[in-house]
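Have your viewer ready and try each task before reading on.

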Amino acid sequence: MDYTQQKVIETRKLLLSSERLKTLADKSDVSKAKELRELYQYIGTLPTEQRAAFGKEVNQLRDEIVEKLDSIRELDQSLTPIDLSAPFDINLPIEQQPKLLTADHGSIHPLMRELATILDIFYRMGFTAIESRQIDDDFHMFGSLNFPVGHPARDDYDTFITKEGLIAPAHTSTMQNRVLKQYKTDLEADLPIAVVIPGRVFRNEDMDARHEHTFYQLEGIYVDKTIHAGNLIATLKTFFQAYYTKDLDIKIQPFYFPFTEPSFELVMSCPFCSKKGCSVCSQVGWIEMVGCGMIHPNVLSAANIDPTKYSGFAWGGGIDRLVMMKYNIEDIRYFEAGKLDFLRQFL
Ligand code: DAH
């Protein structure tokens, strides 16, 4: 790059810096800007044959800065000022209330929109939904879920803990004990417990396109007399087929969770390539979707439900991943990033 080009680039950078732009009101300010004047003066020092081309470049730079100022002004005028500190005063008429952005400036987050679809499928299967909590304790995170103190399985749920010992839940299973206790009366009335629990969960992760410190899970619990693993498989197969509007094959493979016995990982045939192999299923044709199993007798007992009388199944899996697969979203971090160009694709 020759010296003249270098000079134009440097001047452009200086003038477009936000600090410098703030000091320029209009076209005449730009024309008078000392950085530009230096460039104009410099024209005279160049060999005659280079002057026209260089002059043209400097003029283009001037026009670019003026355009930038115009677009900032337009944007400023189109936005209603927001005073976030302004309280809503119930004694004032609506016209005199602080001008906050109205709801129609926002949109439903893609995860919440999908969650509504997901819950709708479970409502039609007779489930109730309860949202999980975003702060919890050791008993609900571990003790009630049959993780003995010091058990290595606790390490799989590495999350954030406050100085007081409160825990940012690493999974929605923290709700199992509460839900079992709350709905125990249904069992006594000869009704099943059928509850899904969506919620935000947290993990101490090394973040990349597939790992976020904050994400969403959906937990499910079903308890009644004579419930067996076939009921679990049928329920989840029905759900996945409804969500991906497609017939799917399901496999279960053995796994370990302290709170289920036996424990499984449920694997689904890839809804996008019908087992042929594609980028969504990493070319294997099958995708691991949820952890699940038959609720451990100790978990039922911890909620005062008699495991010799009742049995049940439970499952838990990521909502983000379901949605990423459905819409071909390549990076989980988009969901929490507040990126408007991402969010606006789901208006
Ligand atoms: N909580 C487990 C996890 O986040 C997933 C899970 C597995 C939930 C089995 C369950 C279950 O309810 O029965 O890894």
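**Exercise 1. Work out what percentage of the protein chain is buried, and describe its overall dimensions.**

Start with burial: 25% of the 347 residues in the protein chain are buried. A residue is buried if 20 or more other C-beta atoms lie within 10 Å of its own, exposed if 12 or fewer, and partly exposed in between, with C-beta atoms placed from the backbone. Before going on, note that this is a predicted model: local features need pLDDT of at least 70, side-chain atom pairs count only at pLDDT 80 or more, and totals for chains, interfaces and linings use all residues. Residues are numbered from 1 along each chain as its sequence is written.

Next, take the radius of gyration (over C-alpha atoms; the globule rule is 2.2 Å times the number of residues to the power 0.38). The protein chain has 30 Å, whereas a compact globule of 347 residues would have a value near 20 Å. Finally, along the principal axes, the C-alpha atoms fill a box of roughly 95 × 65 × 40 Å.

**Exercise 2. Count the helices and strands of the protein chain.**

The protein chain has 13 helices and seven strands. Both are DSSP runs numbered from the N terminus: helices are H or I with at least four residues, strands E with at least two.

**Exercise 3. Check the span of helix α5 (residues 48-78), then find its buried residues and what they pack against.**

Step one: the expected span is 1.5 Å times one less than the number of residues.

Step two: α5 is hardly covered, with three buried residues among its 31. These are V58, L61 and I65. An α-helix has 3.6 residues a turn, so residues three or four places apart point the same way.

Step three: the buried residues of α5 pack against α1 (3-16), α3 (27-32) and α4 (34-43). Contact here means C-beta atoms, placed from the backbone, within 7 Å.

**Exercise 4. Inspect the backbone at P262, D190 and N304.**

- E261 and P262 are joined by a cis peptide bond, with omega about -5°; P262 lies in strand β5 (residues 260-269).
- D190 has a positive phi near 65° and sits in the loop between α9 (184-188) and β2 (193-202). D190 counts as exposed because it has 8 C-beta neighbours inside 10 Å.
- N304 has a positive phi of about 60°, in the loop between α11 (297-302) and β7 (311-318). With 9 other C-beta atoms within 10 Å, N304 is exposed.

Conventions:
Contact = placed C-beta atoms within 7 Å.
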